[in-house]
Amino acid sequence: MAFGIKRDEMKQWKAAVARGEIAFLTHYWLDPKFPWMTTVTKVGCSDLDKLSRWCVENGLPPQHIHARDDYPHFDLIGGKQVEILTKEKLYDQLERFRLLEGETKGWKR
């Protein structure tokens, strides 16, 4: 279940993904498979080859790309989420979702 994002943010992310850009969208998230995680960053791109290359370049397994819909994406959680958002200079998402306080969210940097 996703929450904590505005409709306009979702529209912007979807438009960027549809254009074949690498786009990032962080939101609060609850999933019974990962009860210790409270956020996820969706890294999307409609160009699956481009998204796969991005995954490999960032040490992520492209076989975990969710390609079952119009907005293919890779889900980032935990320490890798913080690492990538920092590398991409997406400080607004790090601050907004308090991701630099990760030790309080059940994972260690």
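What share of the 109 residues in the protein is buried? Buried residues make up 39% of them. Keep in mind as you click around that this is a predicted model.

**Start with the whole chain.** Walking from the N terminus, the elements go β-α-β-β-α-β-α-α. The radius of gyration is 13 Å, close to the 13 Å that the globule rule gives for 109 residues, so the protein is as compact as a globular protein of that length. Draw a box along the principal axes and the C-alpha atoms fill roughly 35 × 30 × 30 Å.

Take the contacts with a sequence separation of 6 or more: 52% of them join residues 24 or more positions apart.

**Now the surface.** Next, select the charged side chains. You'll pick up 18 positive and 16 negative ones, and the centres of the two sets lie 3 Å apart.

**Zoom in on Leu90.** Look in the loop between α3 (78-87) and α4 (91-96). Is Leu90 buried or exposed? Leu90 has a relative accessible area of 18%, and the cut-off for buried is under 20%, so Leu90 counts as buried. Show its partners next: setting aside neighbours within four places in sequence, Leu90 is in contact with Phe24 and Leu85.

**Last stop, Gly44.** Draw a C-alpha to C-alpha distance from Leu90 to Gly44: the two are 15 Å apart in space and 46 residues apart in sequence.

Conventions: Residues numbered from 1 in each chain as written. Predicted model: local features only at pLDDT ≥ 70, side-chain atom pairs only at ≥ 80, totals over all residues. Heavy atoms only, no water. Helix = DSSP H or I, 4+ residues; strand = E, 2+ residues; numbered from the N terminus. Buried < 20%, exposed > 50% of the residue type's maximum accessible area, 1.4 Å probe, protein only. Contact = heavy atoms within 4.5 Å. Rg over C-alpha atoms; globule rule 2.2 N^0.38 Å. Lys, Arg positive; Asp, Glu negative; His and termini not counted. Charge placed at Lys NZ, Arg CZ, Asp CG, Glu CD.
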